[in-house]
Amino acid sequence: MKMSYRGPFLLLFATGRQLRTLLDEEMAESPLSPDEFAVTSVLLLEQPVRPTELARLTGLRPTTLSNYLRRFEAVGVVSRRRDPEDGRARLVELTPEGKERTEACFPGFASAIGSFQKALAESGVPELDVVETLESVSRALDLALEKVEAEKAAAEKVRPARRRA
């Protein structure tokens, strides 16, 4: 039996893979991978920023982002410093090397965007419609994640503590 309908999750998965392939192709000569560029480009726009906010903006899990930041710090792409508003918190920002590497990715990224925009125009799909739809999907996924996390936290509270023998 052939599929007559691809559900939203399969479509999101497939489009994510297509985007990854397009970015990998267009950014092959860039000094950062598309995933690394996603983190550093948000940093370039938002710095200095707390890691928790950076994780939210990029959609990365905090542990995954932490791995990126550790690697970036080791090679001189980012630096961390105490947040002057809260000495317990840290702020992350690009170093001059990190800014240079990020900016060196712009041509490949712009080429990927251009290819996508051209394909949208050829198919008669307004870019603004795509952006609005994706924003709605992102908000719905955020809400779903919040509910799942709240339910998980509530279940943890009611679960009886294990007794040690």
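Guide: Take the contacts in the protein between residues at least 6 apart in sequence: 50% of them join residues at least 24 apart. Contact here means heavy atoms within 4.5 Å. This is a predicted model, where local features need pLDDT of at least 70 and side-chain atom pairs count only at pLDDT 80 or more, while totals for chains, interfaces and linings use all residues. Residues are numbered from 1 along each chain as its sequence is written, and side-chain values use heavy atoms, with hydrogens and water left out.

Visitor: Happy with that! Which helices and strands does the protein have, and in what pattern along the sequence?

Guide: There are seven helices and two strands, and they follow the pattern α-α-α-α-β-β-α-α-α.

Visitor: How do you know whether the protein is spread out or a compact globule?

Guide: Its radius of gyration is 20 Å, well over the 15 Å that the globule rule gives for 165 residues, so the protein is more spread out than a compact globule. The radius is taken over C-alpha atoms, and the rule is 2.2 Å times the number of residues to the power 0.38. Along the principal axes, the C-alpha atoms fill a box of roughly 65 × 55 × 30 Å. Of the 165 residues, 22% are buried, where buried means under 20% relative accessible area, exposed over 50% and partly exposed in between (1.4 Å probe, protein chains only).

Visitor: What makes β1 and β2 a strand pair?

Guide: Pairing asks for at least two bridges found by DSSP, and six bridges join β1 (residues 78-83) to β2 (residues 86-94). The two strands run antiparallel, and a hairpin joins them through two residues.

Visitor: Why is the contact between R81 and E93 called a salt bridge?

Guide: The term needs a side-chain nitrogen of Lys or Arg within 4 Å of a carboxyl oxygen of Asp or Glu. For R81 and E93 the closest N and O atoms are 2.8 Å apart, and the pair qualifies. R81 itself is partly exposed, at 33% relative accessibility.

Visitor: Which other salt bridges could I look up?

Guide: The structure holds nine. Among them, R88 meets D86 at 3.1 Å, N to O, and R88 is exposed because its relative accessible area is 73%. Another joins E103 and K99 at 3.8 Å. These two are four residues apart in helix α5 (residues 96-104), which means about one helical turn separates them. E103 at 34% and K99 at 41% both count as partly exposed.

Visitor: Why is the pair of F37 and F106 called edge-to-face?

Guide: Rings of Phe, Tyr and Trp (its six-membered ring) pair if their centres lie within 6.5 Å; planes under 30 degrees apart count as stacked, over 60 as edge-to-face and the rest as tilted. By this rule there are three aromatic pairs. F37 and F106 have ring centres 6.2 Å apart and planes at 75°, so their pair is edge-to-face. F37 belongs to helix α2 (residues 34-46) and F106 to helix α6 (residues 106-123), so the pair ties together parts 69 residues apart in sequence. F37 is buried at 4% relative accessibility, whereas F106 is partly exposed at 38%.

Visitor: And what makes the pair of Y68 and F72 stacked, edge-to-face or tilted?

Guide: Tilted is the word for Y68 and F72, with 6.0 Å centre to centre and 40° between the planes. Both sit in helix α4 (residues 62-74), four residues and about one helical turn apart. Y68 is buried at 11%, and F72 is buried at 4%.

Visitor: How do you know that R71 lies over the face of Y68?

Guide: A charge sits over a ring if NZ of Lys or CZ of Arg is within 6 Å of the ring centre and within 35 degrees of the ring normal. R71 is placed over the face of Y68, at 4.9 Å from the ring centre.

Visitor: Where is P48, and what kind of peptide bond joins Q47 and P48?

Guide: P48 is in the loop between α2 and α3 (51-58). The bond joining Q47 and P48 is cis, with omega about -10°.
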